[in-house]
Structure formats: structure tokens, C-alpha cells
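Biologist: Could you walk me through this fold step by step? I would like to see how each answer is reached.

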Amino acid sequence: MTTATQPAPAIRVQGIEKSFKDLQVLKGVDFDVKAGSIFALLGSNGAGKTTLVRILSTLLKADAGSATVQGFDVSAEPGDVRESISLTGQFAAVDEVLSGRENLVLVAKLRHLKNPGAIADDLLARFSLTEAGGRRAATYSGGMRRRLDIAMSLIGEPSIIFLDEPTTGLDPQARIEVWETVKQLAKGGTTVLLTTQYLDEAEQLADRIAILHEGRIIQNGTLAELKQLLPAAKVEYVEKQPSLEDVFLTLVGAGAASASGTTSASGTTSDTGKASS
Ligand SMILES: Nc1ncnc2c1ncn2[C@@H]1O[C@H](COP(=O)(O)OP(=O)(O)O)[C@@H](O)[C@H]1O
Ligand SMILES: [Mg+2]
């Protein structure tokens, strides 16, 4: 069992089952998340992603199976688990009446931390919110609000962060902002488990992707491994048209943020009306 060199996973899920009355949502879910990595749990609406996140964050009890977070058992040591994690839900927990800075100070005070003001200022800077910090959160864009929400969940420096559908409902620019935030977190050593129903989000962010379908993990691997499951691509000549997302992002000027080469699709002549097929 103990293979000496392998470090313990940040999260270990083994045989987790959960039903709501007659509805069997999780039928035996297994996976490990390596410390410091970004792990995406991909599944369509209703697949059971939130249910699993609630079990791992000790908000809900599983019917069977076991899970450890930072080495602590979610059912036997829920207090230790809670101290190791933060959870950002699908619906932002930001208080809109307060300013961004006041939201952060409030959370730092609730956690009984010293220098709540300094903690708030540091997080505002890290999330590019310094200028907006004094403004009421009600005036923030969706992306800014979600970034503030993630910043709030980092107070107390949890080593593991759960992001449940962090970009659902955001526009393309805001999604890219949140993606950058998540990448920065992982670079800093935080383990990120995120759920998503978007293939491109998993593709952009995740070191590993697990697909939750009909109560089980039907695939788990790196993007390259998942792509190998399909037969090798046939070589065909196709004229590459920019996607609508490319066009939108170019027009609104967020092109620089998308790192993975989608910006320079050929044939972007700006003065033709672009009658793409
Ligand atoms: N507390 C609950 N009581 C009854 N059914 C629930 C409850 N929570 C979730 N469900 C059901 O379980 C299934 C999975 O839900 P959920 O985990 O929220 O999926 P996802 O987050 O992947 O969209 C859905 O069919 C949902 O209606
Ligand atoms: Mg959900």
C-alpha cells in the first residue's frame, strides 16, 4: 500500500455512493488528486458534481465509500478537513452592499486573523482588484465578482480549494479572467478541484480530467491521454475559420489573455463582412 516514494494524494475518493431517496446519484466514485495540481471533474448538468463536492467538503454524508482530504477522513475528521479547504460555490457569496475590500476584511475578521486590512490589500492586489477595492461590490462585473469570491475563499490560506462551476454564467472575457486566477493559484501550490460542464474549461485548466457520468467516473486522465482514446485524426485540408469566440474576444480586446494559440486563426480580414460557413 505505502509505495514509499509516492507522496500522499491531496484528495482520495474511494467507492463513494450517494442516493437521494430512489435517485442513485453516485454509484461508486473513485479518484485521486495530486497535491498542487488542478483536477477537473467534468460532467453534464445533474451528473452529481455538486453532490460530490458537498461530500468532500463535509456538508453532506456519503451512503458508502470513503474519502480523505489532506489525509483527513471526511466523515471521521470533518473539522480537520474544513480547516484544510475552502469552497466556492456556484453562486457567489459576495455581500454586494459592502465594498470589495470590506468583504475581504469581514472574512479575515471572522477567521480571527491578525491585520485583516493588510490581508485584504494583499488579496486585492493579487486579483487585480486594487482600484475597484473601495467600490461597492454591486458595481462589479461578473468576472470581478467571481474573482472577489475566490479571493475571499483564500483567506486563511487553505491548501485545497473546491471551485464548483467557477465560470458558469460568466461572459467569455470574465471566464478567461477566472481561468488566469485559477492557474495562478495552482502555481502557488494550492490544490484545485473544480467542477465544470464546459469541455474547453477542463481543456484550458486541468492537469487531469475525470468524467463523471451516470454515477461513475468513466474516464480519468490527462488531456493528451483522453485524446488518445479516439482514433488518430485523418489528415484533411480544411480552411481554418476563426470561431465566434475568437472573433468576439478580438473585437472586445481580450485576445492577449488567451494563451493557447486561438488568436491567430488564418484569414482574419477585418474589412470583409466575414461570410463564414
Ligand atoms: N438534496 C437533494 N435532494 C434530492 N435530490 C437532489 C439533492 N441534491 C441533488 N439532487 C439531485 O441529484 C442529482 C445530481 O445533482 P448535482 O450534484 O447538483 O449535479 P451537478 O452539480 O452535476 O449538476 C440531480 O438529479 C439533483 O436533482
Ligand atoms: Mg452543480
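This is a predicted model: local features need pLDDT of at least 70, side-chain atom pairs count only at pLDDT 80 or more; totals for chains, interfaces and linings use all residues.

Modeller: Residues are numbered from 1 along each chain as its sequence is written, while chains are lettered from A and ligands numbered from 1 in the order in which they are written.

Biologist: How many helices and strands are there in the protein chain?

Modeller: We take them from DSSP runs, numbered from the N terminus: helices are H or I with at least four residues, strands are E with at least two. For the protein chain, this gives nine helices and ten strands.

Biologist: What is the order of the strands in the open sheet of six?

Modeller: Two strands pair if DSSP finds at least two bridges between them. The pairing in this open sheet is mixed, and the order is β6-β7-β8-β3-β9-β10. The edge strands, each pairing on one side only, are β6 (85-88) and β10 (216-221).

Biologist: In which sense do β3 and β8 pair, parallel or antiparallel?

Modeller: Strands of a sheet pair through backbone hydrogen bonds, in either of these two senses. Here β3 (residues 38-42) and β8 (residues 191-196) share five bridges, and the sense is parallel.

Biologist: Which element gives the largest share of the shell around ligand 1?

Modeller: A residue counts as near a molecule if its C-beta atom, placed from the backbone, lies within 6 Å of it. Among the residues around ligand 1 are F20, G46, K49 and T50. Both β2 (23-33) and α1 (49-56) supply at least two residues of this shell. The largest share, three residues, comes from α1.

Biologist: How many charged residues does that shell have?

Modeller: Asp, Glu, Lys and Arg count as charged; Ala, Val, Leu, Ile, Met, Phe, Trp, Tyr, Cys and Pro as nonpolar; and the others, Gly among them, as polar. The shell around ligand 1 has four nonpolar residues, six polar ones and, as for charged, one.

Biologist: Why is S75 called partly exposed?

Modeller: S75 sits in the loop between β5 (72-73) and α2 (78-84). A residue is buried if 20 or more other C-beta atoms, placed from the backbone, lie within 10 Å of its own, exposed if 12 or fewer, and partly exposed in between. S75 is partly exposed because the number of other C-beta atoms within 10 Å is 13.
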